[in-house]
Amino acid sequence: MKLNAKSGREPLFHITKRTDVPKWLAWTIRVGAVVVALLIGAIVTGGLTGGSGFGLFFKDLFLGVFGTPRRILNFFQNTAMMLIIALALAPAFKMKFWNIGAEGQVLMGGLGCVVCIQYLGGKIPEGALIFIMFLVSMAFGVGWTVIPAIFKAQWNTNETLFTLMMNYIAMQLVAVCIYIWVPSGSAVLGVLPYGHFPQIGGYNYILNIILVTVIMAVLFVYFRFSKHGYELTVVGESVNTAKYVGINVKRVIIRTMILSGVLCGFAGLLLVAGTNYTLATDSVQGRGFTAILVAWLGKFNPFLMGGTSLLYVFIDQGSTQTATDLGLGGYYADIITGIFFFLVIACEFFINYKIKFRSFRKKQGDVLPETPVENTEKSAEEVTA
Amino acid sequence: MEKTYAASGKPVAIRMQGVSKSFGEVVANKDVNLTVYEGEILSLLGENGSGKTTLMNMLSGIYFPDEGEIFVKGKPVVIRSPRDAYHNRIGMVHQHFKLVDLFTGIDNIILGEEMPKFSVRDNARAMKEEAHAARYVVDSDDSSAPVKTVRDDETAKGKAKLAAKIAALPLVKFFKRCKFNWLPRSRGGRVRAVAEKYGFDINLNQKVYDMSVSEKQTVEIIKVLYRGADILILDEPTAVLTPQETEKLFDVLRAMREDGKSIIIITHKLNEVMEISDRVAVLRKGEHIATVNTADATIPMLTELMVGHKTELNIERDAPEGVEDRLVVEGLSFTDREGVKKMDGVSFTARSGEILGIAGIAGSGQRELLETIAGLIRPESGAITYLPPEGGKPENLVRKSPEQIRELGVRLSFVPEDRLGMGLVGNMDIIDNMMLRSYRRGNFIFLDRKNPKHLAEDIIRDLEVVTPSSHTPVRRLSGGNVQKVLVGREIAAAPTVLMAAYPVRGLDINSSYTIYRLLNEQKKRGVAVIYVGEDLDVLVELCDRIMVICAGQVTGIVDGKTATKEEIGLLMTLISDEHKHDADGKHTAKEEDKDEA
């Protein structure tokens, strides 16, 4: 090595796989990534505003989320919405069914609600209407997930393309329905008068938040302790193993996608009956895609996904507020969330690998050939420290 | 501990000094010193995981050593990539061949070859110098006339000629490049010359997917030689060969040794070490233990060096007791998706209290046979009849799913070849893996983790599985421990038929012998054991009967007590060549891919 370092041809660094990273270190790296993301966000803001934005960024970020009771409620409502879609995706992704069609699946759930409101609203009691909406939205959501599932199970088609394309069908379907329901041609469905979730304690979104929290806990138990959860994990890890122990793989795929569809439909219900009271083609606001990242960062553990949803919504809502306060325009929030995601995802690299730089210390003495063991130990210590 | 016996004053080809390499916390090589002389065959001996391949990968540029120096022919070198290794005339034939299936042998060999350097400027300078060089002309009969000095670049004609030649140089370069890049087959003759020089018997115009495993290996070796390697590293070259093919390979290796090449063979087969090598270097747990002259070595001595303590290398074989037919297989045929006949009228009987060995070249249909019995493959024709102990009702298992077979009360256990891809789930812990077989029992909705936990703890204790806890994901365990977990689970189901495919592949000696002992215990309990193996020495020692299959056909069933390796080796290649290519050419390649994954 001495000679190699001298000739200068030893690579500057090489990357080695880490096997057992202590938990505290992994979490330090993750928290560090969030902190660095915020710092870079502040620097970008400072750059855009000529320096004054650096401090304001942190203030506005925080106030944008916790500034008023209304904002706090919005924060939890947005988190609940993001989380329910992520939860809906988790069973599919755990099974390695790459469903990128949550956008359309949730929209279909919402469409199911609006269909009920349009044709039954006012004719039956509100409670019965919500119950029917509940069933119909789930049926719509299941319809949109089970079709690719059947194709995948029977003919092994590529679910990624299939689910992606189903998004566009769903959007156009909603557009057509709105066109039919709104005779004026404005293509905007106003606030619907029926089928609103009841308020709890005078606030709108409380019921949404409670329901999503309950679903989070139920899904955790389903994954961890139920036979279905076990089967879908085995199918996800290895189809060969599943077949070998006699699991009916087709049945598991379809069953799991029905569960995923039920949750997507439920997310649509929360969107229409609990949040917006209306529907448009872009009602889901891209959350069907963002939820994939949120679910993945939460390692498909429902409680961790709750954490990642909170974090994401915090950054998103806070940076939107910052953009308004500092007059930075609509795309500013995307830049900040982009930076955040980039760093949080990239930090996993440093958890799984370590980078070893060429050692310059070794030039000092000529004792090397006799004491290589000491050197390895030293460098190992350095890395963990 | 370290002893190095110098070979008879030959020049040194490679010296590795103090080489260390670790992956994370795993130390693969620690302070290894190794010397290879020119014109010798050195065996690198060690158990799985002793760091043989890692050490050689550092020579061939796959890994870069953390510590230590490498000298090639006395000069210190830095090998950062396989290309650097080629420049130092080191070539490695990997265990998993790295060939493009759709290319011919020749195409694979010349693939990635660098064009010889051709510099316009240097050539121009050389031409100018040549033209400027004085030529002495004697053009007079008069011996006293002065000798005239002529320079080509002094005459107008010479100048014009030189200028034209220099102007044409870029064009010449272009044509050379065209020839190199677009007419690579023009180099076929040179490749064939290399093949002939060492007596390789192969048609290099075949596509790789049509080649048998041994032919693919030959292509790899020729590739390395064609690139001008003087130092060849072969990683477990005999693992996939029949005894006859191995003999052929050894002849070629001896021819190369005569030619002055240095050859390093990575292996863990002791008898081959004794047969082919001049010296043996033994690694244990990443450390170089000793290098000995083969002539001075004995098999027990090498085993002791390799394992670190004395080991009994005898497999017991008791006479079978209470033999009765358990599983009758008749006329199984199966053609896979690509239209290759993987089983062609396979018939045999597995009997209780006896170990039936299945021998054959990898990919001859062993996997398909076991998977068919286990209910994973639906054959086109044939019958599998299960005769329960104590004279119950015979059951036909063909075209039944594993679920249905279990519901019939047939206790069939199967240790598949692909442990982490089929038998176990790598990311799950030992307890959850125990549950794979039994999770359906009990409560309708929720899992019972209590009994699997007890089972996991029993297996860890009884089979001495080395693991931090029963909550460790099995992929973190070493190969031997993974296999103990799998075999332990399959045996815990109290089977009446136990099928094991390559259960000792990649295991160290101690773990292998644990597995043999477990199989023997099952045999004593009256289980019908079916053992698919690749090491013929073991098959002959362990099995009561050995069925040999070749290209999906049963070519013979021999008695384990009287059979010889050569006899089995011949049966393994009995089918005509054309047939053989179909079976092992395409499909071992696929299996190797899977293994790697």
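This is a predicted model: local features need pLDDT of at least 70, side-chain atom pairs count only at pLDDT 80 or more; totals for chains, interfaces and linings use all residues.

The numbered points below discuss selected side-chain contacts.

1. A pair of aromatic rings is described by the distance of the centres and the angle of the planes. Counted over all chains, the aromatic pairs come to 25. One of them joins A:Trp98 and A:Trp296, whose ring centres are 5.5 Å apart and whose planes form an angle of 10 degrees, a stacked arrangement.

2. A pair with another geometry is found in chain B: B:Tyr513 and B:Tyr516 are edge-to-face because their planes stand at 85 degrees, with the ring centres 5.3 Å apart. Both residues lie in helix 17 (residues 509-524) of chain B, and their spacing of 3 residues means that about one helical turn separates them. B:Tyr513 is partly exposed at 24% relative accessible area, whereas B:Tyr516, at 5%, is buried.

3. Ring pairs also connect into a cluster in chain A, made up of A:Phe62, A:Phe66, A:Phe75, A:Phe76 and A:Phe314.

4. Two contacts place a charge over a ring. In chain A, A:Lys94 sits over the face of A:Phe223, 5.1 Å from the ring centre. The other contact involves both chains, with B:Arg437 over the face of A:Tyr244 at 4.6 Å from the ring centre.

5. Over all chains, the structure holds 33 salt bridges. In one of them, A:Arg30 and A:Glu348 bring their closest N and O atoms to 2.9 Å. Which parts of chain A does this pair tie together? A:Arg30 is in helix 2 (residues 23-49) and A:Glu348 in helix 14 (residues 332-352), so the bridge ties parts that are 318 residues apart in sequence. The cut-off for a buried residue is under 20%. A:Arg30, at 17% relative accessibility, is therefore buried, while A:Glu348, at 22%, is partly exposed.

6. In chain B, B:Asp66 and B:Lys21 form a salt bridge whose closest N and O atoms are 3.8 Å apart. B:Asp66 is in the loop between helix 1 (52-59) and strand 4 (67-72), and B:Lys21 is in strand 1 (residues 12-23), so that distant parts of the chain, 45 residues apart, are linked. Both B:Asp66 and B:Lys21 are buried.

7. A further salt bridge in chain B joins B:Asp325 to B:Arg351, with an N to O distance of 3.4 Å. This pair links strand 13 (residues 325-335), which contains B:Asp325, with strand 14 (residues 341-351), which contains B:Arg351; the two residues are 26 residues apart. Both ends are partly exposed, B:Asp325 at 36% relative accessible area and B:Arg351 at 27% relative accessibility.

8. Finally, salt bridges link B:Lys73, B:Arg89, B:Asp230 and B:Lys261 into a network.

Methods:
Residues are numbered from 1 along each chain as its sequence is written. Chains are lettered from A and ligands numbered from 1 in the order in which they are written. Side-chain values use heavy atoms; hydrogens and water are left out. Rings of Phe, Tyr and Trp (its six-membered ring) pair if their centres lie within 6.5 Å; planes under 30 degrees apart count as stacked, over 60 as edge-to-face and the rest as tilted. Helices (H or I, at least four residues) and strands (E, at least two) are DSSP runs, numbered from the N terminus. Buried means under 20% relative accessible area, exposed over 50%, partly exposed in between (1.4 Å probe, protein chains only). A charge sits over a ring if NZ of Lys or CZ of Arg is within 6 Å of the ring centre and within 35 degrees of the ring normal. A salt bridge is a side-chain nitrogen of Lys or Arg within 4 Å of a carboxyl oxygen of Asp or Glu.
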